[in-house]
Amino acid sequence: MMRYFKLVNFELGRFFKLYGVIIGITILSQLVGLWVVSNSYMERANYAMFEENLSPAQFVSDNGEMSLLVLTRTLWFLGPIALGAIALLFNIFFVWYRDWFGKNTFIYRLLMLPTARINVYLAKATSILLMVLGLVAIQIVLLPVESVLLKWLVTRDFRLDLAPAEVVSGFRELMIILPAGIIDFILAYGAGIMVIFILFTAILFERSYRIKGIVFGAIYVALATGIFLSPIILEGIIGTNYLYPMELLVLEIILGLIVSAASIWVANYLLTKRITV
Amino acid sequence: MKKYWKLLSITTIAVLAIGTFYIQKAIANENSLELALDTVSGEVAELKGMEISGGYFDNYWNKRFTITAGELEFDNNDSFIGSLERFYQPKINQLINDHRSFMRGKNSDLAGFYEDEQLLAYANVDSKWDGQSRYKDHNFEIDVLQKGENERITFEQKVPNQQDYRYMYVMDVQVQDGQLSIFTRNEGNTDAPTEFRVYRFDLASEKLISEDSLMILDGMNSKKWHEGNLVTTSTETEPTENVVFAKTEMEEVETEYEEYMVEEKGTEYVAYNLSTMEKTELDIPADLSTDSFNELILGSTIYFIQRTEQGLTVISYNLENEQENELNVDFPSTDQGNMIVNGKGDRLYIVGGDSKELPITIVDVNTGETLYQGIYKKKGANGVYQLFSIDNIYIK
């Protein structure tokens, strides 16, 4: 167990500088963005009031209130989130290939560690999950901070103060990273973990059999996806919804667990018997 | 421990932040968006048994809600689990709860269901896509549950003359004296017109015993055609004595600005009586339906709802004595949006939608008395663009 934690910590460390930069960009871009967006809103409001003699209420009724939802629809806000998502997606592959193509074939040392090799696989997956959750957490912490900042930048008459949860549900794209309920959150990120396992195993196929392995990997991904989606595909072919929605959900959860477990099992086999350095 | 600070810090921050976010959300259930009911007249208690589902939209908000007995509750928006619970409309949900195994695999359109004290019946026309232009192999699927004995009568039957129909679907199902009637809309193949038909089955022998054409909708040419519909019964699953169809003549006319508009040229009504199996053409003035926003049947009376300057006018037409009657109803909104009307017993429930406000009116059709009037509005600043939209009204 300690070996596993050590490995997770180690994997985090190797990506940590880049991770820090992404967090920095996120914080900076969102705070600066809020400042820019708020000021331009207030500029327009002042212009309307002093040049066109509109009352604050009239201006609000024409332009809407200033709230964090205005910020969320700008590149200031979405840009860093997209950057984080791309970086971590890229890391799913990078976390393996770096060990082969980096200096002095590091994977050799990793695989020689006096611990089960599957720990390397699990530690890499955990590190990616933790970094995703870390970025989500930063976003959650940023929302109330931005809320306070908004109070300084925009006067009361023009402002709509929203709770963090309201900002998220007011902007549907944000619900991809923060689904509406805790159960939804577990389901969404659970599915995410399954995808990571499937991709990792496909990568190990390629690392074990090289060119042929690419084909094996692709077949594995198709097979895993097919098994996971089989109830939906089957109902589509038959043309009737035989299962009630809740039953379908339970079945999908079970299939998700089976596919994840199978991915780990296949990966364990490849790592112990077939992997080449 | 110090060695693991990266692992520990990320884990701690993630658990704390995400945990707090969801706990706060669950406890506070904060809503800066407030939609409130202003009662104009009557008692809120009149709204008991009424369920309205819909949504509110403006520049920022996109919220779905359910109003039960006058209490508005936002759907745990967009929560995936919540959306599974609302997957079916309330009546279908109730049927699934009561008859889980019977309802399995059935089409969730209420038109195919009939329910009374003794039985729950379902009919569907299953067709196969021929891969090019039409459906073929039309097949009746009938399933009847006898509630007391918990026994089922299940059978299938090929649609007669099916090569004549390009597509068909079920509009209503009724059962009377052991006979199941399926009302269908049959789209004709090639040049054949669209038809409303009734197919009668004897449940004991599981045989088709008769079929009849109820109404023919011929598209005379591309400038003039007919549109037809079933004048809806109150909840679409309940027993009724008469099934009424309407056929409206449509014409494309050119305006003085050389634009084309479609005009309604008057509507004919045909009532089919389930006991006598006879169809009657109803003597309803042509402009009555043209001027109406909605029409529906309660018992043996058709109600036409028209919008006027002051509110609404409800004109009733009794199928039995062919009497017309008129009553005026205040409608607490000047906003010209859409309207949805539903009814039960001797009450009409009228709800406005697709407008800035959501007005609700309940009328007693026997006395003409307005039992309740109220209006849902957004509290606080009102924007230029804001919209209430109504999905459906369900009356228990």
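## Buried area

Chain A and chain B bury about 4300 Å² between them in this predicted model. Carbon and sulfur atoms give 66% of that area. Buried area is the accessible area (1.4 Å probe) that two parts lose on being put together, summed over both. On the chain A side, 54 residues are in contact with 42 residues of chain B (heavy atoms within 4.5 Å).

The model is predicted: local features need pLDDT of at least 70, side-chain atom pairs count only at pLDDT 80 or more, and totals for chains, interfaces and linings use all residues. Residues are numbered from 1 along each chain as its sequence is written, chains are lettered from A and ligands numbered from 1 in the order in which they are written, and side-chain values use heavy atoms, with hydrogens and water left out.

## Salt bridges and the chain A side

Two salt bridges link chain A and chain B (a side-chain nitrogen of Lys or Arg within 4 Å of a carboxyl oxygen of Asp or Glu). B:Arg100 and A:Glu247 form a salt bridge through their side chains, at 2.8 Å, N to O.

Elements giving two or more residues to the chain A side include H1, H8 (182–238) and H9 (245–274). H1(A) supplies the largest share, nine residues.

## Helix H1

H1 of chain A covers residues 2–50, 49 residues in total. Helices are DSSP runs (H or I, at least four residues), numbered from the N terminus. H1(A) bends by about 60 degrees at A:Phe16; the bend is the angle between axes fitted to the seven residues ending there and the seven starting there.

How values were computed. Expected span 1.5 Å × (residues − 1).
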